[in-house]
Each structure stands twice: as C-alpha cells, then as structure tokens.
Amino acid sequence: MVKVSGHLQGKKCPCSKQGFGIVEVLIAAAVLGFLYVALLNLQGGNREALLRIRGRDGATEVAQNIIDSLGALGIANLTDEKLKNGAGVIQPIIIDPIKRTWEGQPGVLSHKMTVDYRAEVTVSPDAEYTANTGSLLLSAMSSSSYSHVYAKRLDVKVSWHFKNSVQSITVSGVIR
C-alpha cells in the first residue's frame, strides 16, 4: 500500500463522517412536504366528490318519495281541474324547501350535512296511457268519440345548491 499524506491509499479514513448532510435532510423534508400537500389535496377532492354524490343520492330519494306519495293519492286527485291556476293553465306543483340531513365522517372530522332541495312536479296525461273510443250514431249521422286517461306521467325535477352552482336531476314516473 502507498501512503498518501499520512493515510493508506484505498482505505477510508477512520475519522470520516457516516451520516446525512444538511442538504440531504433538506431535500428529504421538501419531498415529504410535497407529498403531504398532494395527499391533503387528494383528500379534499375525495371529500367534495363524496358530498356531491350524497347530495345527488338525496335528490333521487326525494324524487322517488314524491312519486310514491302522489301514486298513493291516486290519479283521481291529480285531475287537470285541480292543477289549473286561475287562468286555466296547468301549473307544476312546487315543493320548497325539502331538507335532508346526514351525519358522516368523510375525512378526519365528523360533521352534519344538510341540503335544501326544491322539487317541481309536472303532471301530464300521456298518449300511451289514453284509451280512445268512438261510436257512429246512425240516427244523427255523426260520430262521437271520447278519450279516457287511465294514467298520468310525473316529471319530478329536484334541484339543490352545491358550491357556487345549482345541481338538478329529473326523475319520471307513471301513476295509475
């Protein structure tokens, strides 16, 4: 072996350091910081997606409850005469507000989520659910016909606010 300035060449100096330097520690801390920020951002996005889905599921539940309730009343209670306003125009049924509250824990903290829904129900006779009959009156030489609506279509539009926008769904049903 050759001595170079007091040490043997090819061997490590017994006094050399075997740890991490300040630069390595700072780089590792920066990488961990970026990963933590990305994880928090991902968790926030997941929370918003959960709240959006929960709001939409609540709107679907509200619409189905309205269709079921009107179906329990029956078609006899949804005549055109009962739905007309003073001008004789059939108006939609407005139900506002409908509140739904959930208790949940998306993330670390538990919280209550309350959503105010607004429902607009349009009731209309449907050509598929109309029976048309006609008879020829021989004595008067005129034809007479009548139609009978045995079912009506319900279009329930449920809307709610989420962040800075208005979300809505429309559910259709038929009552007989």
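**Labels and their grounds**

Visitor: Leaving aside its neighbours within four places in sequence, with which residues is Lys152 in contact?

Guide: In this predicted model, Lys152 is in contact with Ile75, Leu78, Thr79, Asp80, Val123, Ser124, Pro125, Gly173, Val174 and Ile175, once neighbours within four places in sequence are set aside. Lys152 itself belongs to strand E7.

Visitor: What makes Lys152 count as buried or exposed?

Guide: Its relative accessibility is 6%. The label "buried" applies under 20%, so Lys152 is buried.

Visitor: What does the side chain of Lys152 reach, and at what distance?

Guide: The side chain of Lys152 reaches the backbone oxygen of Leu78 at 2.9 Å. A polar contact requires N or O atoms within 3.5 Å, and the 2.9 Å between Lys152 and Leu78 meets that limit.

Visitor: Ser159 is also in strand E7. Why is Ser159 called buried?

Guide: Ser159 has a relative accessibility of 17%; the limit for "buried" is under 20%, and therefore the label holds for Ser159. Beyond four places in sequence, Ser159 is in contact with Asp116, Tyr117, Arg118, Val166, Gln167 and Ser168.

Visitor: What is the order of the strands in the open sheet, and in which sense do they pair?

Guide: The sheet consists of four strands in the order E3-E4-E7-E8, with antiparallel pairing. Strands E3 (93-104) and E8 (165-175) stand at the edges; each has a single partner strand, so one side of each has no neighbour in the sheet. On average, neighbouring strands are turned by 25° against each other, direction ignored.

Visitor: Which residues of the largest nonpolar core touch the most other members?

Guide: That core holds 25 residues, and those touching the most other members are Ile66, Tyr117, Val121, Leu154, Val156, Val158 and Trp160. The elements giving two or more residues to the core are H1, E3, E4, E7 and E8. H1 supplies the largest share, seven residues.

Visitor: How many salt bridges does a search of the whole structure find?

Guide: The search finds five. Side chains of opposite charge can pair when their charged atoms come close.

Visitor: Why is the pair Lys99 and Asp116 called a salt bridge?

Guide: The closest N and O atoms of Lys99 and Asp116 are 2.7 Å apart; the limit is 4 Å, so the name applies. Lys99 lies in strand E3 and Asp116 in strand E4, and the pair thus ties together parts 17 residues apart in sequence. Asp116 is also the bridge partner of Lys99 in E4. At 38% relative accessibility, Asp116 is partly exposed.

Visitor: What makes Glu103 and Lys112 a salt bridge?

Guide: Their closest N and O atoms are 3.9 Å apart, and since the cut-off is within 4 Å, the pair qualifies. Relative accessibility is 64% for Glu103 and 59% for Lys112; the label "exposed" applies over 50%, so both residues are exposed.

Visitor: Which parts of the chain does the salt bridge between Lys163 and Glu48 link?

Guide: Lys163 and Glu48 have their closest N and O atoms 2.8 Å apart. The pair links distant parts of the chain: Lys163 is in the loop between E7 and E8, Glu48 is in helix H1, and they are 115 residues apart. Lys163 is exposed at 54% relative accessible area, whereas Glu48, at 31%, is partly exposed.

Key
Residues are numbered from 1 along each chain as its sequence is written. This is a predicted model: local features need pLDDT of at least 70, side-chain atom pairs count only at pLDDT 80 or more; totals for chains, interfaces and linings use all residues. Side-chain values use heavy atoms; hydrogens and water are left out. Two strands pair if DSSP finds at least two bridges between them. Axes are lines fitted to C-alpha atoms, for helices over the stretch in contact, and angles run from 0 to 180 degrees between N-to-C directions. A salt bridge is a side-chain nitrogen of Lys or Arg within 4 Å of a carboxyl oxygen of Asp or Glu. Buried means under 20% relative accessible area, exposed over 50%, partly exposed in between (1.4 Å probe, protein chains only). A nonpolar core is a set of buried Ala, Val, Leu, Ile, Met, Phe, Trp, Tyr and Cys residues joined through side-chain atoms within 4.5 Å. A polar contact is a pair of N or O atoms within 3.5 Å; within protein, one must be able to donate a hydrogen and the other to accept it, and residues adjacent in sequence count only if both atoms are side-chain atoms. Contact means heavy atoms within 4.5 Å.
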